[in-house]
Amino acid sequence: MEAVKQYDHIRVEKNKEKKTATIIFDRPEKMNYISMLARSQFSEIFDELNKDDDVRVIIIKGEGTKAFSAGGNIPEFMEVHQEELSHLAVNVAAPERSPKPVIAQLQGYTFGVGLEIAMACDLCIAADDTLLALPEMNLGMIPGSGGTQRVAKIAGLTRAKDMIMRARRIPADEAYQWGLITKVVPKAELENEVNALADELMKFSPLALKVCKQVLNAAYETPLSAGLEIEGKAYGLLRTTEDFKEGVAAFVEKRKPNFTGK
């Protein structure tokens, strides 16, 4: 595992053999809270990983056993100008903008900005002890990095109001039923489950995964007619790629495809 540039209690490790990069919130003694500086560095981390051809899948996790991230450093909010606060969602949405698959590996407390980051990922695998919450109402505040919008769009308005207006803690099984997470597994199996998912994604064309993610994200916020047009154009575009030719050839020849992203 290759360690790269250090950030504010965020560690990034690359596995060249597996072609993965793991972003680790590294403040376990403080439940991996995410500072304002760390939030500002989040987009930079993704900018670097997005350009790295040796990284095919990105994983985000928390250090230790108690939390993915319990949220932000609350006192810091009084030290930041309101204009800066208004743009926090841009950095938090970096996983959503990434052209590569991003997996959130959740455990324990997944609160505030931690949950907002998880919801911006493509796939969320959660240990059975995971608790999800947007507790900002307890501070006289609302979630400000995409929380209100993503919960409402993913789980529905009624559930979003129930969760956010009451500052409810949602256990993993309920969050799965709401569609907020992809799968719940026993905590002892979490690491292996995430690694197996990364290996599975590695089998596919990186170019097809990139386009698929773009098309699905478009469906998130466009009417059906526009989405169908986007899908059709993407389908036609992929028809011209070397990966598609390889996929067809492998199917005909009854072998595993060797995708190169071309």
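Guide: What follows is a set of questions about a predicted model, each answered from its values.

Visitor: Why are helix 10 and helix 11 called roughly antiparallel?

Guide: The axes of helix 10 (residues 206-219) and helix 11 (residues 224-238) cross at roughly 175°. Angles over 145 degrees count as roughly antiparallel, and therefore helix 10 and helix 11 are given that name. Their axes come within 10 Å.

Visitor: Which residues make the contact of helix 10 with helix 11?

Guide: From helix 10 come Leu 207, Ala 208, Val 211, Val 215 and Ala 218, and from helix 11 come Ile 230, Glu 231, Ala 234 and Leu 238. By class, 8 of these residues are nonpolar, none is polar and 1 is charged.

Visitor: Which residues of helix 6 and helix 7 make their contact?

Guide: Helix 6 brings Gly 147, Thr 148, Val 151, Ala 152 and Ala 155, while helix 7 brings Leu 157, Arg 159, Ala 160, Met 163 and Ile 164. The contact of helix 6 with helix 7 holds 7 nonpolar, 2 polar and 1 charged residues.

Visitor: Which residues have the most contacts inside the largest nonpolar core?

Guide: They are Ile 23, Ile 60, Val 151, Met 163 and Leu 180, in a core of 42 residues. Another core lies apart from it, with 12 residues, among them Ala 127, Val 185, Leu 190 and Leu 197.

Visitor: What does Met 163 touch, not counting residues up to four places away in sequence?

Guide: Met 163 touches several residues, including Leu 115, Val 151, Trp 178 and Leu 180.

Visitor: How do you know whether Leu 115 counts as buried or exposed?

Guide: Its relative accessibility is 1%. Buried means under 20%, so Leu 115 counts as buried. Leu 115 lies in helix 5 (residues 113-119). Not counting residues up to four places away in sequence, Leu 115 touches Thr 110, Leu 132, Ala 133, Leu 134 and Met 163.

Visitor: Why is Thr 241 called buried?

Guide: The relative accessible area of Thr 241 is 9%. The cut-off for buried is under 20%, so Thr 241 is buried. Thr 241 lies in the loop between helix 11 and helix 12 (242-253). Leaving aside neighbours within four places in sequence, Thr 241 is in contact with Leu 207 and Lys 262.

Visitor: What makes His 9 and Lys 19 count as partly exposed?

Guide: Partly exposed lies between the 20% limit for buried and the 50% limit for exposed. At 34%, His 9 therefore counts as partly exposed, and at 28%, so does Lys 19. His 9 is in the loop between strand 1 (2-3) and strand 2 (10-15), and Lys 19 is in the loop between strand 2 and strand 3 (20-25).

Visitor: What are the phi values of His 9 and Lys 19?

Guide: Phi is near 55° in His 9 and near 60° in Lys 19. Most residues other than glycine have a negative phi. The value for His 9 is positive, and so is the value for Lys 19.

Notes
Residues are numbered from 1 along each chain as its sequence is written. This is a predicted model: local features need pLDDT of at least 70, side-chain atom pairs count only at pLDDT 80 or more; totals for chains, interfaces and linings use all residues. Side-chain values use heavy atoms; hydrogens and water are left out. Axes are lines fitted to C-alpha atoms, for helices over the stretch in contact, and angles run from 0 to 180 degrees between N-to-C directions. Helices (H or I, at least four residues) and strands (E, at least two) are DSSP runs, numbered from the N terminus. Angles under 35 degrees count as roughly parallel, over 145 as roughly antiparallel, 65 to 115 as roughly perpendicular and the rest as oblique. Contact means heavy atoms within 4.5 Å. Ala, Val, Leu, Ile, Met, Phe, Trp, Tyr, Cys and Pro count as nonpolar, Asp, Glu, Lys and Arg as charged, and the others, Gly among them, as polar. A nonpolar core is a set of buried Ala, Val, Leu, Ile, Met, Phe, Trp, Tyr and Cys residues joined through side-chain atoms within 4.5 Å. Buried means under 20% relative accessible area, exposed over 50%, partly exposed in between (1.4 Å probe, protein chains only).
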